[in-house]
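Q: I'd like to go through this structure with you. Can we keep it short and plain?

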Amino acid sequence: MKQNQHIRYLSLTSIIICFFFYCCKSKDYITYYNKVNEIDSIYRMAKQPEKAIKKYRKLFRKYKPLNQERIEEYETYIRISDRYNKNFGGKKSLYRLIPLIAPYWRYKKEDKEFINLYKKYGIDSLNIEQEVAQWESKHDKMLIDSFVVAMGRDQYNRRSNSSEIFENDLKNAELLKWTFENHGFPSKQKIGLYYKDTFMPMDVILLHMADYEEHYPYFKTKILEYVKSGECPPRDYAAMVDRNNLHHKTPYTYGVYQGYQNITDSAKVNRNRKSIGLPSLKYRNKLAKDFSDSLKTK
C-alpha cells in the first residue's frame, strides 16, 4: 500500500515538474511583443489608460517584462499607473525597472520626470546610480572586451576597403557563433550598450551578417530563436533580413531597412511584421513621430 502511494507521489511530482518546464519553455516572446503593441494602441490611440494598465498588469504576471525602445512598455505601465493612482507594485517594480533602463542610464538620468517619479517613492538618483553600478558589475568583462574589439573591426576605416571589410566581418561572424554557443545572445542586459566611450549597438554587427551567403542562413535561423526568447529585439532581426533581401533585389520582408522604397505589398509586410512581433507600418510611423515629439520636449 505504501509502495503504491509512493509511486503515485512520484508520478504526480514528475507531472508537475514536466508541466513547469513545459510552461517555461513554451513562453514565446513574439506573443508578448504583439500583446504590447495591442496594449500600447489602447493607451496611445484609443486613449484608455486605465484599461491599458489592467492589461499590462496581466501581461507582466505572465511574462518577465522587457522595456523596448520607443514603446518602453514597463516604464509606461509604471508611469500611467502612478498618474491614475493605480497599484503597480511601488518600490519593488521601480527597482525591477532599473536594470531595463540601465543600458541607457547616461541619457535617462537627464530625464527629470523619470528621476522625480523615483524620488516620489523614496528612491533618489544616487540609489539608482548604485543599482546601475551593481548591474554593470555582473557583466562578463572578457565578453564586453570582445565586442568592443568587434565594434572596432566593424567600423574600421569606415568600411572603405572591401578586403578589410570581408576579413573583419568574418572574424565577427565567428565571434557571434562562439558567443551564441557559450553565452547565448549578447544582449544589452549581458554586455550593456556602452563601455566607457565605446558604443556597442549589436544591431550594426548583425546587419552586416546579411552580406555573406555562407553565414546568413545560420544567423537568420539562430537569431530568430533569440527574438522568440525575448533576448534580441525583433527590429534588429528584421533589418538583417531586409538587408539580405536588398542584395537579392527582392521586396523587403519586414519594411525596416532603408525606408519604404522596396515595399511592394504593405499588407503582406504587415503580416510578416506581426509574425515576429513588430507593429504595423502605420503604427510604426505613429511611434516614430511620438518618439521624435518627446525628444523635442525634453
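Q: Is the crossing of α4 and α7 left-handed or right-handed?
A: The crossing of α4 and α7 is left-handed. Left-handed means that the near helix is turned anticlockwise from the far one by less than a right angle, and right-handed means clockwise. Helices here are DSSP runs (H or I, at least four residues), strands are E runs of at least two, and both are numbered from the N terminus.

Q: What kind of model is this, and how are residues numbered?
A: This is a predicted model, where local features need pLDDT of at least 70, side-chain atom pairs count only at pLDDT 80 or more, and totals for chains, interfaces and linings use all residues. Residues are numbered from 1 along each chain as its sequence is written, and side-chain values use heavy atoms, with hydrogens and water left out.

Q: Back to α4 and α7. At what angle do the axes cross?
A: Roughly 60 degrees. Helix α4 covers residues 73-83 and helix α7 covers residues 112-120, and their axes come within 12 Å. That makes α4 oblique to α7. Axes are lines fitted to C-alpha atoms, for helices over the stretch in contact, and angles run from 0 to 180 degrees between N-to-C directions. Under 35 degrees is roughly parallel, over 145 roughly antiparallel, 65 to 115 roughly perpendicular, and the rest oblique.

Q: Which residues of α4 and α7 meet?
A: From α4, they are Glu75, Ile78, Arg79, Asp82 and Arg83. From α7, they are Glu113, Phe114, Leu117 and Lys120. Contact means heavy atoms within 4.5 Å.

Q: How many of the residues in the contact of α4 with α7 are charged?
A: The contact has 6 charged residues, 3 nonpolar and no polar. Asp, Glu, Lys and Arg count as charged; Ala, Val, Leu, Ile, Met, Phe, Trp, Tyr, Cys and Pro as nonpolar; the others, Gly among them, as polar.

Q: Now α5 and α8. How do their axes cross?
A: At roughly 55 degrees, and the axes come within 9 Å. Helix α5 is residues 90-101 and helix α8 is residues 125-137. α5 and α8 are therefore oblique to each other. α5 passes α8 in a right-handed crossing.

Q: Which residues make the contact of α5 and α8?
A: Tyr95, Ile98 and Pro99 come from α5. Asn127, Ile128, Glu131, Val132 and Trp135 come from α8. By class, this contact of α5 with α8 has 6 nonpolar, 1 polar and 1 charged residues.

Q: What is Leu97 in contact with?
A: Leaving aside neighbours within four places in sequence, Leu97 is in contact with Asn67, Tyr74, Glu75, Ile78, Phe114 and Tyr118. Take Glu75: it is 22 residues from Leu97 along the chain, yet their C-alpha atoms are separated by 6.9 Å.

Q: Zooming out, how many helices and strands are there?
A: The protein has 16 helices and 2 strands. Of its 298 residues, 43% are buried.

Q: How many residues are in the largest nonpolar core?
A: It has 75 residues. A nonpolar core is a set of buried Ala, Val, Leu, Ile, Met, Phe, Trp, Tyr and Cys residues joined through side-chain atoms within 4.5 Å. Tyr32, Ile128, Phe147 and Leu176 have the most contacts inside this core. Helix α2 (residues 29-44) gives the most to it, with 7 residues.

Q: What does Phe147 touch?
A: Not counting residues up to four places away in sequence, its contacts include Leu175, Leu176, Pro186 and Ile191.

Q: Is Asn172 buried or exposed?
A: Asn172 is buried, at 1% relative accessible area. Its place is in helix α10 (residues 162-182).

Q: And Lys196, buried or exposed?
A: Lys196 counts as exposed, at 62% relative accessibility. Lys196 lies in the loop between β1 (194-195) and β2 (198-199). Lys196 has a positive phi of about 55 degrees, although it is not a glycine.

Conventions. Buried means under 20% relative accessible area, exposed over 50%, partly exposed in between (1.4 Å probe, protein chains only).
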